Each structure stands twice: as C-alpha cells, then as structure tokens.
Amino acid sequence: STPAVMLSAMAAAARGGVLFKSSAALDALARVKTVAFDKTGTLTQARMTVARVVADDELGVLALAAGLERHSEHPIAQAVVTAARARSAAPIPVRNAQAIPGMGIEAEVDSGERGSVERVWAGNLRLMEREGARLTPVQDTALRELNAAGSSTVIVGRGQRVVAVMGVSDTLRPGIADAIAGLRKAGVAHQVMLTGDRAEVARAVAHETGLSEYRAELLPEDKLRIMSELPGPLAMVGDGVNDAPALARADLGIAVASGTDVAIESADVVLMKNDLGKLAGAVRLARDARRTVF
Ligand code: ADP
Ligand code: MG
C-alpha cells in the first residue's frame, strides 16, 4: 500500500492544483532528469489569432480555411475559425475532412460542374509538399517574414495551388519564464522544447522563455524518437491531441488541464490550474516524500 507520507504529499500537491494520478507518478517526478515541453498550448496560451492573411481573395480564403479548420482540434484551427467569423466569412462545407498529425488538415469540396471534386487543405510546408503545391515568390517572402517575426503560419491550398499564407500569433503563458527558471533551480538540469512548428518560431519562443534547447519541425513520431534519446527519467509536458502518444511514452506525462481530454487521460499528472509555475514546488514535494520513504 502507499506510504502515508506519499499520500499526504499527493494531497498537498492537489491543493496546489497538481493532480498526481498515482503514487508511482509522484515517485517518478522526484527522479526526473529531463523535462520536455510541447510549445503550442503548453509554453504558449494557444489563444492564437490570425494576424495576417496574404491572399488575393481574403474573405474567400478565410471561408475555405474555416470550412477545413472547423474539423480540427488544433489551436491554430480555432484561430482561423474565429477570424472567419469576425469577418462574417461563412465556412465553406467540406467533405471527408482528415487531420494529418504534425501537418494540418485536408478535405474535399465540389468544384465546377459535373460533380468534379477538388482537394483542399490547410497546414504547414510539409503538408504543402505532400500535396505537390509550391509557393509563389510573393507567398514565399510573406512566409519567411512572418516566421522570422516569430509568427506561426498556415498555408491554404486548393489542389496544387496555394491560395493563402496566414500569419498566426500566439502569446506565452504568463509566468512561463519564471516557471522554467524555477524548475532549473529545483535541480531539473535538462529542459527542452519539442515542436512541430518552424525553427524560427521555436527559437523566438525558446529565447523568451529561457529554454536553452529546442527541437523544431518535428512530426509526432520524431518527438517520440527524440524523447528516447534524451537523458532520462524524462517528463513530457503537453496539452494537445498530438501530444497524447508522447505523454503516454514519457516516464512521466504531465498535461495542462486546458488541453484536450485525450491528453489529460494519457497523462500521469495534471496541472489543474494550467500553471506550470506549480511544477517546481511539486518536484520538491515529491523529492521530500521519496527521501522520507526510502
Ligand atoms: P505543435 O503543438 O508543437 O505546434 P503539432 O504536431 O500539433 O505541434 O503541429 C505541428 C505543426 O503542424 C503546427 O505547427 C502547424 O504548422 C501544423 N498543423 C497541425 N495541425 C494544423 C491545423 N489544423 N491547421 C494548420 N496547421 C496545422
Ligand atoms: Mg500543443
């Protein structure tokens, strides 16, 4: 049975908003050497907004993008749907919408006469390449400028034609730099960001949060591979649908409660108040409890 000291540490942590699902999770946190963070929705608030639309037909593109993104759970998708609504661009109905983890979303629309069907998609450069599409020089310049300024980007396409490049901005979670500094002070030596986003965006976020290490442009399976190469025991902090496999694979999965249900279910620890600042205290609690038991 669980030693009383661990039960009381778990109760104390829970009062602070850190929910351990088991005493094994408390024990694991005490031993963690590396913490890996997802970026979007974990280091950032994932309250994203569409800041720029580079397209010939902005409203038409927003209607198409919203038609796609209303089928996605990604934080970027929410931003696109909201931007379309704000400009009264009614989402275009799409069929067979399919999320492609680490890339975006694709679907089909009816086009022209005689029931011909066109593929439509919204996502990153990797998805664009997969669709066999290319950026025009103007779109390429826009994409580079947005990424260099730290904005994430969404590319929208119809078949092999790119119809828009959108800049999506996010804000850091309040207090995230302090949370990371606190973890370092608590003796968690190694901290790294793992993200599917572009390197320029990752670099900007790493700089602002005080993380010395980041790996960018990762597919979900890349995240899993890198996790197995990092010095363990390893804790993974994440929020999203795409993070569930990583949360399950880590020695300790930590979910922020604002995330999706599947992430919360896959995790061993849940940060109920979305406050990563509570992690350092939880590490100390866990270590004290472990020291008392062993
Ligand atoms: P992260 O949370 O680190 O951004 P994800 O694996 O969730 O990692 O996503 C990786 C990248 O895939 C995103 O940065 C984005 O470029 C793209 N992406 C994923 N889903 C969508 C979507 N629904 N719409 C647009 N882009 C998407
Ligand atoms: Mg995320």
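Colleague: Why does ligand 1 lie between domain 1 and domain 2?

Modeller: Domain 1 (4-45 + 171-293) and domain 2 (49-169) both give residues to the shell around ligand 1, so the ligand lies between them. Keep in mind that this is a predicted model.

Colleague: Which residues come nearest to ligand 1?

Modeller: There are 24 residues around ligand 1, and the nearest are Thr40, Ser72, Asn124, Thr195 and Gly196. Two or more residues of the shell come from each of helix 3 (39-43), helix 5 (75-86), strand 5 (104-111), strand 6 (116-123) and strand 7 (152-158).

Colleague: How many residues of that shell are nonpolar, polar and charged?

Modeller: The shell has eight nonpolar, 12 polar and four charged residues.

Colleague: Let us take Gly196. Where does Gly196 lie, and is it buried or exposed?

Modeller: Gly196 sits in the loop between strand 9 (190-194) and helix 9 (199-209). For burial, count C-beta neighbours: 20 or more within 10 Å make a residue buried. Gly196 has 25 inside 10 Å, so it counts as buried.

Colleague: What is Gly196 in contact with, beyond its neighbours within four places in sequence?

Modeller: Its contacts of that kind are Gly102, Glu217, Leu218 and Leu219. Distance along the chain is another matter: Thr40 is 156 residues away from Gly196 in sequence, yet 8.9 Å separate their C-alpha atoms.

Colleague: How far apart are the centres of the two domains, and how many residues does each give to the contact?

Modeller: The centres of domain 1 and domain 2, taken over C-alpha atoms, are 31 Å apart. Domain 1 gives 13 residues to the contact and domain 2 gives eight. On the side of domain 1 that touches domain 2, helix 3 and helix 9 are the elements with two or more residues. Helix 9 gives the most, with three residues. That side of domain 1 has five nonpolar, five polar and three charged residues.

Colleague: Now a helix. What should I compare with the reach of helix 1?

Modeller: Compare its reach with the span expected at 1.5 Å a residue. Helix 1 (residues 4-15) has 12 residues and reaches 17 Å from its first C-alpha to its last, close to the expected 16 Å.

Colleague: Which residues of helix 1 are buried, and which are exposed on the face turned away from them?

Modeller: Met6, Ala9, Met10 and Ala13 are buried in helix 1. They cover an arc of only 100 degrees around the axis, so they lie on the same side of helix 1. The face turned away from the buried side carries the exposed residues Ala4, Ala11 and Arg15.

Colleague: What covers the buried residues of helix 1?

Modeller: The cover includes strand 1 (18-20), helix 2 (23-31) and helix 13 (278-293). Just after helix 1, Gly17 takes a positive phi of about 90 degrees.

Terms used. Residues are numbered from 1 along each chain as its sequence is written. Chains are lettered from A and ligands numbered from 1 in the order in which they are written. This is a predicted model: local features need pLDDT of at least 70, side-chain atom pairs count only at pLDDT 80 or more; totals for chains, interfaces and linings use all residues. A residue is near a molecule or strand if its C-beta atom, placed from the backbone, lies within 6 Å of it. Helices (H or I, at least four residues) and strands (E, at least two) are DSSP runs, numbered from the N terminus. Ala, Val, Leu, Ile, Met, Phe, Trp, Tyr, Cys and Pro count as nonpolar, Asp, Glu, Lys and Arg as charged, and the others, Gly among them, as polar. Domain bounds come from an automatic or database domain assignment. The expected span of a helix is 1.5 Å times one less than its number of residues. A residue is buried if 20 or more other C-beta atoms lie within 10 Å of its own, exposed if 12 or fewer, and partly exposed in between; C-beta atoms are placed from the backbone. The arc is that of the directions from the helix axis to the C-beta atoms. Two residues are in contact if their C-beta atoms, placed from the backbone, lie within 7 Å.
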